[in-house]
Amino acid sequence: MMSYDPQDLSLNARRLRLDTLVRLRWLAVTGQSLAVFGVHFGLGYTLPFAACLTLIGLSAVLNIAIRIRYPASHRLHDDTATGLLAFDIVQLALLLFLTGGLQNPFSLLFLAPVLISATALPPLRTLFLGLLAVGCATLLALAHLPLPWIPGETFQMPFLYISGKWFAILLGAAFIGVYAWRIAEEGRQLAQALAATELVLAREQHLSQIDGLAAAAAHELGTPLATITVVAKELARRAPADTETAEDLALLRDQAERCRAILGKLTSLSAEDKRGFLERITLGHLIEEIVDPQRGIGVPLHVDIRGEGAEPYCQRNAGLIYGLANLIDNAVDFADSDVHVIARWDAREVRVEIHDDGPGIRPDILLRLGEPYVTSRGADKRGRGERMQGHGLGVFIAKTLIERTGAQLTLTNQPAPGHGAIARILWRRETFEWRDPAFDMQELDNAPDEPILESEQVFGTRGSSDRDPRT
């Protein structure tokens, strides 16, 4: 099987498509042809008509050649794309040389190849094309044929105006190149980060599907195991108690009971996951469920859950659980000695705060934290004793998933004289306690005939009503 480097695939995905460049060049060929024919036949101005058509024809021939050579979906290598855009700049420069140089109003089209390069090619390639365009403009400011004008008259612009136009091309290439590259790069980073988020959610869905298959297997294997148990009991009655066969039958019964216990456990876990995404859970149970896996890894976690009035409930949501767990995981990585998870509520809002006593968030990162590919990982607290390397997607994914639940996430530093970072998540209470009416009707239709115990109403299928999650 062939192996692919994900980085190579990512670079290939961002390369310029041949079809895009071909279409843009056909547009340029059409515009140049209309301009030359309009000036020569429409206005009656004198210009090197045959030479201009030859240069335009070269662009058309190149377009046809690369269209025949490659399929439309082909993505150009950076070197090839740079060469084709450089050809466009040189072809435009020669055309402008024949038609007045920088006096020609179409000289601003030097910026078009630079813009295309900035959106699809690395910065060094864009810099090269920008310098090429400015270099061609410099030569055209010093040497060119006269601007096509009314027969018998000569039109010559002052050199100061030509110098200003050259300077405008220089500034335009620099500004448009940097601005277009920045916008395109942010779009690429956002697309990659959203793809990573979709991958995380897809993995969660795959785990849910695996649990469903486990439930189906448990259901199908339950009947033959019951038959094996019954037959083993009957054979045990017939066999003498002191024989080796009786011992084997007893072992067979024990192992069959063990299999039934394992299948029963799988069934209960799957039933829990079936309701997992929409199960009602208290804020305290939600916090404890997220914090519990983080205990015992070297940094103490202190949970403080209090509020005014009845404790709020919410629907268990895989995205919310993953987002909060990611924030707590980050706090553990950066903390020096402990992490505090504080949950508060009242009649209007629900708040969760995650405090650590680490170095805090650097000022240059603080304003951008939550965007993709912004990272500053802390020391590993999981026993390896090494600096952790992150890709800057964790906080972005957590922020995206948490804000999808209607929350507002704020990341700040502790006020002086304290130190460390604070992650604040705030919901309006009615948003936090929102419940899908469609699920209520479906749950009512699918409700079993037997009564539901009070502990199941509060704690779902976990059957843990005797456990205080806040201890």
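Angles under 35 degrees count here as roughly parallel, over 145 as roughly antiparallel, 65 to 115 as roughly perpendicular, and the rest as oblique. The model is a predicted one, so to speak of local features takes a pLDDT of at least 70 and side-chain atom pairs count only at pLDDT 80 or more, while totals for chains, interfaces and linings use all residues. Residues are numbered from 1 along each chain as its sequence is written, and side-chain values use heavy atoms, with hydrogens and water left out.

Helix packing comes up first. Two packed helices are described by the angle between their axes and the distance between the axes. Axes are lines fitted to C-alpha atoms, for helices over the stretch in contact, and angles run from 0 to 180 degrees between N-to-C directions. Helices (H or I, at least four residues) and strands (E, at least two) are DSSP runs, numbered from the N terminus. Helix α5 (residues 111-120) packs on helix α6 (residues 123-142) at about 175 degrees, with the axes 9 Å apart; the two are therefore roughly antiparallel. On the α5 side, P113, V114, S117 and A118 meet R125, T126, L129, G130 and A133 of α6, contact meaning heavy atoms within 4.5 Å. Sorted by class, this contact has 5 nonpolar, 3 polar and 1 charged residues. In that sorting, Ala, Val, Leu, Ile, Met, Phe, Trp, Tyr, Cys and Pro count as nonpolar, Asp, Glu, Lys and Arg as charged, and the others, Gly among them, as polar.

Helices α2 (residues 18-42) and α4 (residues 78-98) make another pair, with axes that come within 12 Å and cross at roughly 5 degrees. That makes α2 roughly parallel to α4. L21, R25 and Q32 in α2 meet L84, L85, F87, D88, Q91, L92 and L95 in α4, and the contact has 6 nonpolar, 2 polar and 2 charged residues.

Now for the strands, which pair if DSSP finds at least two bridges between them. Strand β4 (residues 339-345) has 5 of its 7 residues buried, so the rest of the structure largely encloses it. Buried means under 20% relative accessible area, exposed over 50%, and partly exposed in between (1.4 Å probe, protein chains only). Strand β2 (residues 301-307) runs parallel to β4 over 7 bridges, with I305 opposite A343. β4 is also joined to β5 by 7 bridges, this time antiparallel, and a hairpin of 3 residues links the two. V339 has D356 of β5 as its bridge partner.

D357 is buried, at 14% relative accessible area. The D357 side chain makes a polar contact with that of S337 at 2.3 Å; such a contact is a pair of N or O atoms within 3.5 Å, where within protein one must be able to donate a hydrogen and the other to accept it, and residues adjacent in sequence count only if both atoms are side-chain atoms. Leaving aside residues up to four places away in sequence, D357 touches A335, D336, S337, D338, H419 and G420.

E220, in helix α7 (residues 159-238), is exposed at 56% relative accessibility. The C-alpha atoms of E220 and L263 are 9.9 Å apart, across 43 residues of sequence.
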